[in-house]
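Q: I am new to reading protein models. Could we go through one feature at a time?

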Amino acid sequence: GGGGGGKLDPGLIMEQVKVQIAVANAQELLQRMTDKCFRKCIGKPGGALDNSEQKCIAMCMDRYMDSWNTVSRAYNSRLQRERANM
């Protein structure tokens with residue numbers, strides 16, 4: 001019994017691909033959010049963030065995540081509708 005003859009499980013492969021795509025999407029989201037909020041909130045980079053910069057960053061990231069979640073939900077529901085109509 002040598003491990004099923006080396007056959008690959010397509011279901012397992014698909015799950016691994018989905019996880020890799022989710023990680024890549026999360027990394028891209030974080031990178032975009034960091035870039036946008038840094039440009040919006042940090043006027044003069046220094047050794048530390050002042051109070052207004054901290055508040056700006058927190059609010060910017062919250063808004064960005066809310067927007068991303070809204071778009072993601074809309075996209076997923078559209079995919080489900082299209083799959084149901086196939």
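Q: In which element is the place of aspartate 35?
A: Aspartate 35 sits in helix H1. Helices are DSSP runs of H or I with at least four residues, strands are runs of E with at least two, and both are numbered from the N terminus. This is a predicted model, in which local features need pLDDT of at least 70 and side-chain atom pairs count only at pLDDT 80 or more, while totals for chains, interfaces and linings use all residues. Residues are numbered from 1 along each chain as its sequence is written, and side-chain values use heavy atoms, with hydrogens and water left out.

Q: Is aspartate 35 buried or exposed, or in between?
A: Buried means under 20% relative accessible area, exposed means over 50%, and partly exposed is in between (1.4 Å probe, protein chains only). Aspartate 35 has 33% relative accessibility, so it counts as partly exposed.

Q: Where is methionine 86, and how far is it from leucine 49?
A: Methionine 86 lies in the segment after H2. From methionine 86 to leucine 49 the C-alpha distance is 52 Å, for 37 residues in sequence. Methionine 86 has 85% relative accessibility and therefore counts as exposed.

Q: How many salt bridges does the structure hold?
A: Side chains of opposite charge can pair when their charged atoms come close. The cut-off used here is a side-chain nitrogen of Lys or Arg within 4 Å of a carboxyl oxygen of Asp or Glu. The structure holds three such bridges.

Q: Which residue forms a salt bridge with glutamate 15?
A: The partner of glutamate 15 is lysine 18, and their closest N and O atoms are 3.7 Å apart. The two are three residues apart in helix H1, which means that about one helical turn separates them. Glutamate 15 is partly exposed at 45% relative accessibility, and lysine 18 is partly exposed at 49%.

Q: Which side chain meets arginine 32 in a salt bridge?
A: Glutamate 28 does, at 2.7 Å from N to O. These residues are four apart in helix H1, so they are separated by about one helical turn. Arginine 32 has 46% relative accessibility and counts as partly exposed; glutamate 28, at 39%, also counts as partly exposed.

Q: With which residue does arginine 78 form a salt bridge?
A: Arginine 78 pairs with glutamate 82, the closest N and O atoms being 3.1 Å apart. They are four residues apart in helix H2, so about one helical turn lies between them. Glutamate 82 is partly exposed, with a relative accessible area of 41%.

Q: Which residues make the nonpolar surface patch?
A: Patches take residues with over 30% relative accessible area and no salt bridge; like charges are joined within 9 Å, and nonpolar side chains (Val, Leu, Ile, Met, Phe, Trp, Tyr) within 5 Å. Areas come from the Shrake-Rupley method with a 1.4 Å probe, and for residues only the protein chains shown count as cover. Here Leu8, Ile13, Val17 and Ile21 make a patch of about 360 Å². Isoleucine 13 is in helix H1, which covers residues 10–41, and is partly exposed because its relative accessible area is 35%.

Q: What does the UniProt annotation cover?
A: UniProt positions are given in the numbering used here, feature names are shortened, and annotations may be inferred rather than shown by experiment. The unreviewed UniProt entry places "domain: Tim10-like" at residues 16–76. Over residues 16–76 the chain is 85% helix and 0% strand, with the end C-alpha atoms 20 Å apart.
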